[in-house]
Amino acid sequence: MNRSVLTPRRRRIGYGVLAAALCLTAGGVANAVTADDPGPITSETLSEGDSSLPFKVNADGPRHLVYRKAVIPPGANTGWHYHKGEEIAVIKSGTLTRYNGSDCSKRVIKPGDALVEPTGPEEVHYGVNKGSEPVVLYITDVLPEGAGFSTPAPDPGCDTTK
């Protein structure tokens, strides 16, 4: 918002809210916390990563949001599948090998990497843990009402042993 269009009263309210938030965040009200007061809000980063691949989230109706942790043991795979809703994931540990069903391309995804799975039956893919330690992913799913995390799909004939 353009700051110049704020009235002096709105500026005071905005600055007051900002000042209160800074005090809470910095623990400026620590002396005011009572036994009945749960204290300031905290946040813990469980995993983070970067993705250079473009993505967009399509929300043409109600969405169900799920944040989850998935573990893929060594040697296990996801099977060929696609997503009806967006899936945004960060690899916390382990190495995931992902195959794209449309061109059989392979991508190795390591800790700190993020991935955004495209949606729709034309976006079939397969993930496998070829490493010796579990792959741990933190996933946010943006699902249409009633949709599951993934939908099984037929093998498009890609060689996943490479």
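The structure is a predicted model. Its secondary structure consists of 1 helix and 9 strands, and along the sequence these elements follow the pattern α-β-β-β-β-β-β-β-β-β. The chain has 162 residues, of which 28% are buried.

- Among the contacts in the chain with a separation of 6 or more, 80% are between residues 24 or more positions apart.
- The accessible surface of the chain amounts to about 10,700 Å². Carbon and sulfur atoms account for 55% of that surface.

**The nonpolar cores**

- The largest nonpolar core contains 10 residues, namely A70, I72, A89, I91, L96, I109, L115, V135, L137 and I139.
- Strand 1, strand 3 (86-93) and strand 8 are the elements that each give two or more residues to this core. Strand 8 contributes the most, with 3 residues.
- V135, one of the residues of this core, has contacts beyond its neighbours within four places in sequence: A70, V71, I72, I91, S93, G94, T95, L96 and N129.
- Another core, of 8 residues, lies apart from the largest one, and its members include Y82, Y99, V124 and C158.

**Aromatic rings and a charge over a ring**

- The chain has 3 aromatic pairs.
- One of them is formed by Y67 and Y138, whose rings are stacked, with 6.3 Å from centre to centre and 15 degrees between the planes.
- Y67 belongs to strand 1 (residues 63-72) and Y138 to strand 8 (residues 135-144), so this pair ties together parts that are 71 residues apart in sequence.
- Y138 counts as buried because its relative accessibility is 15%, which is under the cut-off of 20%.
- W80, Y99 and Y126 are linked into a cluster by ring pairs.
- The charged end of R68 sits over the ring of F149, at 3.8 Å from the ring centre.

**H125 in strand 7**

- H125 is located in strand 7, which covers residues 125-128. With a relative accessible area of 1%, H125 is buried.
- The side chain of H125 makes a polar contact of 3.5 Å with the side chain of R98. The side chain of H125 also reaches the backbone oxygen of E123, at 2.9 Å.
- Apart from neighbours within four places in sequence, H125 is in contact with G79, W80, H81, Y82, H83, R98, Y99, G101 and E117.

**Y126 in strand 7**

- Y126 also lies in strand 7. Its relative accessible area is 11%, and Y126 is therefore buried.
- The side chains of Y126 and N77 are joined by a polar contact of 3.3 Å.
- Residues up to four places away in sequence aside, Y126 touches N77, T78, G79, W80, T97, R98, Y99 and T160.
- Y126 and K106 are 20 residues apart in sequence, and their C-alpha atoms are 9.5 Å apart in space.

- N129 is found in the loop between strand 7 and strand 8. N129 is buried, with a relative accessible area of 1%.
- The side chain of N129 reaches the backbone oxygen of E133 at 2.9 Å.
- Leaving out neighbours within four places in sequence, N129 is in contact with I72, P73, P74, G75, A76, T95, P134 and V135.
- C104 lies in the loop between strand 4 (96-100) and strand 5 (106-109). C104 counts as partly exposed, at 36% relative accessibility.
- Although C104 is not a glycine, it has a positive phi of about 60 degrees.

How values were computed: Residues numbered from 1 in each chain as written. Predicted model: local features only at pLDDT ≥ 70, side-chain atom pairs only at ≥ 80, totals over all residues. Heavy atoms only, no water. Helix = DSSP H or I, 4+ residues; strand = E, 2+ residues; numbered from the N terminus. Buried < 20%, exposed > 50% of the residue type's maximum accessible area, 1.4 Å probe, protein only. Polar contact = N/O pair within 3.5 Å; in protein donor to acceptor, adjacent residues only side chain to side chain. Contact = heavy atoms within 4.5 Å. Phe/Tyr/Trp six-rings, centres within 6.5 Å; stacked < 30°, edge-to-face > 60°. Lys NZ or Arg CZ within 6 Å of the ring centre and 35° of its normal. Core = buried A, V, L, I, M, F, W, Y, C linked by side-chain atoms within 4.5 Å. Areas by Shrake-Rupley, 256 points an atom, 1.4 Å probe, with all protein chains shown as cover.
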